[in-house]
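Q: I'm new to this one. Can you walk me through it?

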Amino acid sequence: MKKLFVGLTALCLIKVDAIAIPAYEFGSVQDTTYDSQRDVFLNTTMRWDNWCTFSRVKMPNGKTCWDPVEIPAKKKLVFSFRVDLFREENWQYAIAGTVLIGQAKAPVRRRFVGINVESFEWPEESKVWPHLGLLYVGTVAEQEDYEVKLWDELIQGKAPLEQLIQPGDIVGLSLVTTGMERGVEIAKRVKTLGARYVVAGNDSAMFRARQLLSLPGQPVDAVFTSNSLGSIRQFFQQATSVELSRMQIPRLAVDPRRAQYVTNESSGVAIEAKQYGTSDFFLVPNLTLYGHEYWNLVWSAYRSQFGHKHVRPQDVRNAIALLAQGCGRAGAGDICDYCTIRHVANVSIPEQDYLEETLDTYRAFGINTFFNVTDSAFEMGPLVHRLKEVGPVDSMVIYGRAQAIAQRPERLNEWLNVVQHRLLINCGMDSADERILREGIHKSSSKVGSRVEENRQAVRTIKAAGEKAHLHYSLIFGSVGETKDSCERNLEFLQWTIDTLGSQLDVVEGDIFWVNFGAPCSVIFHSYEEASRRAALAGKTISREQWHTHFAQYADELVVPQSCEPSWYHFFTNITYETALEYNSRVKTMMEKVPGRVTGRNFAFKPPA
Ligand code: SF4
């Protein structure tokens, strides 16, 4: 009897999964993908043959050699050791339970752990909004029948990986610039804990897909090169039954040699502008995937910063929602030089049904303060009209471009009609110097007027709208061509807005200019001509040798090295890195004297390393 129990126990520690593989090998493995709906593999090796490329001759069955060759699928059993049972608090009972229930009835593990990765310890003022992307991916995973665990390092601190990860988990990492290097460390660690796959997404991962997939030991197995919910859903549908290298999922990169190069350089976004639809971006998230503790952290952080701006601070419950998608200026590939927002050119406005269902879901959860994170919502007429039909919310934050606010004052009144108490417009003013706005930032404008005047007119428009309208804006020090004079003009503009807006000015945040991969300015890492052009805008030159030493040699790094920052200031501006930091700190000092202000972050984008 004892021997039988030991035998059964050993048997139950073996986990068995069935995965799909081709019934026979044909052509290159790299050219073979899996079509889960038809349960068949497709091979395109023939396309690499020049004869095929040029002739496209039809064969007797009506197909050309360009069409994929279909290979039937068969199931393969994969055995692994279930160390997860030993990590249960009462592992003896867990094993015994597994024995008694029987291995044959054990369900295939479908568990997804999503982590928003952050390297920095951020202060309270940076922790006021929940992470929506993680919630979106978690909701899709849950709809596809996965058990879901989410961890947001920005709000909750470092992820307790040993407690969070179980063998067989699929781990998703949300990576922005400030989390890339830690993301790689997490990927390595969760692999040692038995994670089945590590998949990365979010802006910085998408811009560096090839580099992430080329890391030694391949800690990251796949990278989503878009936010398409369709791709994410297909991944979850196939993840427990198909080998990753065989998946046929658009915009899921698994092979560094074939990873799509995505960038906000104009050539990149213009190509993609029309490739996505509303179903790629919009989803009603399951807000309960974050526990009460998480929401209470967010709400108490928000109240500590913005509470005094609300009628009943203790009742404020805030959350992020995506009520539309894209930036109105970017459709033709016209993008601010520092912009690292993926899909900025994909403008999409959902139907009223979606807006209604989304707002109802949030309201049922008690949310009364919304941050609509559409890149430039202000100018989207159909959006504000549909929201008006859906009915007002208590408070809302939206992004708005100064050009649009200046030129469409009537639209501000429309937005004020969709809130009962407060509308906060978040705007990138960026600079108060015409030349910097035009050449350094590459800020949008009507092309006939002054960008500085549009910034000022936007402020006057908000002032004229009355106490319900508020402004949150940002300034940058260190754009191409920056001088001490242009920095001084920024501070003069800041003082003017303080004097003009009074209590309607909620937050002003400054930052220095950071070069990040994916932004249009990152073209300096692979184009000497573009580096020279930017140097000329600052009245300087850069030799090929200097370009290689300071920039080109880093073109394939995961993140732009800190050493490139002083070089940026040296070659492309007329101030130093230290001067930019000093001006940035003066913004904070000036704002500290404003009664009723919101604290705001010391650095709108990231603190120096
Ligand atoms: S206005 Fe904002 S979202 Fe649009 S391109 Fe500029 S930085 Fe990006």
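What follows is a quick chat about the chain, its sheets and its helices.

Q: What kind of model is this, and how are residues numbered?
A: This is a predicted model: local features need pLDDT of at least 70, side-chain atom pairs count only at pLDDT 80 or more, and totals for chains, interfaces and linings use all residues. Residues are numbered from 1 along each chain as its sequence is written, and side-chain values use heavy atoms, with hydrogens and water left out.

Q: How many helices and strands does the protein chain have?
A: The protein chain has 24 helices and 16 strands. Both are DSSP runs numbered from the N terminus: helices are H or I with at least four residues, strands are E with at least two.

Q: What share of the protein chain is buried?
A: Buried residues make up 56% of the 609 residues. Buried means under 20% relative accessible area, exposed over 50%, partly exposed in between (1.4 Å probe, protein chains only).

Q: OK, sheets. What is the strand order in the open sheet with parallel pairing?
A: The order is β11-β12-β13-β14-β15-β16, an open sheet of 6 strands. Two strands pair if DSSP finds at least two bridges between them.

Q: Which strands are at its edges?
A: β11 (318-321) and β16 (505-512) are the edge strands, each pairing on one side only. Neighbouring strands of this sheet are turned by 20° against each other on average, direction ignored. Axes are lines fitted to C-alpha atoms, for helices over the stretch in contact, and angles run from 0 to 180 degrees between N-to-C directions.

Q: How many bridges join β11 to β12?
A: 4 bridges join β11 to β12 (residues 369-372), and the two strands run parallel. Ile-320 has Phe-371 in β12 as its bridge partner.

Q: Which helix lies across β11?
A: Helix α14 (residues 352-364) lies across β11, β12 and β13 (393-399), at about 160° to β11.

Q: And the sheet with mixed pairing, what is its order?
A: That open sheet of 6 strands runs β6-β5-β7-β8-β9-β10. Its edge strands are β6 (147-152) and β10 (252-253).

Q: What joins β9 to β10?
A: 2 bridges join β9 (residues 222-224) to β10, and these strands run antiparallel. The bridge partner of Phe-224 in β10 is Leu-252.

Q: Switching to helices. At what angle do α19 and α20 pack?
A: Helix α19 (residues 451-465) and helix α20 (residues 484-501) pack at about 15°, with their axes 10 Å apart. That makes α19 roughly parallel to α20. Angles under 35 degrees count as roughly parallel, over 145 as roughly antiparallel, 65 to 115 as roughly perpendicular and the rest as oblique.

Q: Which residues of α20 meet α19?
A: Phe-493, Trp-496, Thr-497, Thr-500 and Leu-501 in α20 meet α19 residues including Asn-455 and Arg-456. Contact means heavy atoms within 4.5 Å.

Q: Last one, α23. Is it mostly covered or mostly open?
A: Mostly covered: 7 of the 9 residues in α23 (residues 564-572) are buried. Among them are Cys-564, Glu-565 and Tyr-569. The buried residues pack against β15 (469-477), β16, α21 (528-537), α22 (544-550) and α24 (577-592).

Q: How do α21 and α23 sit against each other?
A: α21 and α23 pack at an angle of about 60°, with their axes 8 Å apart. They are therefore oblique to each other. Ala-531, Arg-534 and Ala-535 of α21 make the contact with Trp-568, Phe-571 and Phe-572 of α23.
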